[in-house]
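Try each task before you read its solution.

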Amino acid sequence: SAARVIDTLLQIALAVVPAVLAITLHEAAHGYAALAMGDDTARKAGRLSLNPLAHIDRVGTILLPGFLIISQLLTIGRVAFMFGWAKPVPVAAWKFRDPRRGMMVVAAAGPAMNFFLAWLAALSLHLIIGTTGTTGWVLMKLADYFILSNLVLGLFNLLPIPPLDGGRIAVGLLPAGLARMWGGFERSGIVIVILLVFLLPRIASSFGYYFDPVGEAFGSVMPWAIRTILWLAGHDVSFDDDRGI
């Protein structure tokens with residue numbers, strides 16, 4: 001019906017806006033962190049902008065998140081998982097006093113921004129709760145998707161596989177020899193991530209097996225992460241896994 005189509009389009013819009021903002025501010029945070037430590041490469045490239053158009057990757061920012069949002073709304077009626085990326089912010093590590101540690105800080109800035117944004121969205125719930133009608137529904141959905149998008153993006157990027165932020169943080173923490181070896185996955189790491197997250201679970205499922213280590217990890221971590229963000233924002237929540245928030 002027309003009402004169902006309008007509702008679906010509205011939910012798509014409410015999910016897309018937080019996802020794009022989460023990805024955009026994640027990348028901008030990398031650039032600002034690098035600038036704070038003496039590298040102005042991102043600024044010269046125009047990548048310190050908060051304009052999403054400066055950071056959009058057609059596949060990672062538009063096509064993949066759009067596919068995930070639409071497919072989930074059409075199948076399960078809600079957005080339960082988001083994944084995407086923007087154009088990487090250029091960083092000249094040699095400009096840092098300690099290049100390896102500097103890259104670790106720059107990498108950590110992206111997830112840190114996402115967790116901060118999720119916390120701000122959780123704070124906004126204090127103002128939204130009690131708002132009735134369509135306005136209340138829209139604001140609640142927007143806040144929910146904002147929390148979800150930022151937590152998923154922040155946590156996913158902490159996977160310790162280069163070129164994800166967690167991999168670069170690991171390179172900064174490991175002894176020099178291991179760091180060089182682990183950093184060698186920089187080019188092939190994204191292939192490993194795509195295999196683990198998308199391809200292998202579906203291939204295993206087609207043969208009647210269950211193999212989804214990343215999905216399992218997120219299924220365990222996300223409820224705890226949501227409760228933690230809500231708790232840090234002053235909401236009364238339970239950390240008992242057998243009970244709801």
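**Exercise 1.** Classify Arg168 as buried, partly exposed or exposed.

*Solution.* The model is predicted. Start with the cut-offs: buried means under 20% relative accessible area, and exposed means over 50%. Arg168 has a relative accessibility of 28%. Arg168 therefore counts as partly exposed.

**Exercise 2.** Find the salt-bridge partner of Arg168 and say which parts of the chain the pair ties together.

*Solution.* The partner is Glu186. The closest N and O atoms of the two are 2.4 Å apart. Now place both residues. Arg168 belongs to helix 6, residues 165–173. Glu186 sits in the loop between helix 7 (176–183) and helix 8 (189–206). The pair therefore ties together parts that are 18 residues apart in sequence. Glu186, at 29% relative accessibility, is partly exposed.

**Exercise 3.** Which side chains form salt bridges with Asp40?

*Solution.* Take Arg43: its side chain meets that of Asp40 at 3.8 Å, N to O. Next take Lys44, where the closest N and O atoms are 3.6 Å apart. Asp40 is buried at 15% relative accessible area, whereas Lys44 is exposed at 67%. Finally, widen the view: Asp39, Asp40, Arg43, Lys44 and Lys95 are linked in a salt-bridge network. The whole structure holds five salt bridges.

**Exercise 4.** Describe the chain's secondary structure and decide how compact the chain is.

*Solution.* Count the elements: nine helices and zero strands. Buried residues make up 41% of the 245.

Technical notes:
Residues are numbered from 1 along each chain as its sequence is written. This is a predicted model: local features need pLDDT of at least 70, side-chain atom pairs count only at pLDDT 80 or more; totals for chains, interfaces and linings use all residues. Side-chain values use heavy atoms; hydrogens and water are left out. Helices (H or I, at least four residues) and strands (E, at least two) are DSSP runs, numbered from the N terminus. The radius of gyration is taken over C-alpha atoms; the globule rule is 2.2 Å times the number of residues to the power 0.38. Buried means under 20% relative accessible area, exposed over 50%, partly exposed in between (1.4 Å probe, protein chains only). A salt bridge is a side-chain nitrogen of Lys or Arg within 4 Å of a carboxyl oxygen of Asp or Glu.
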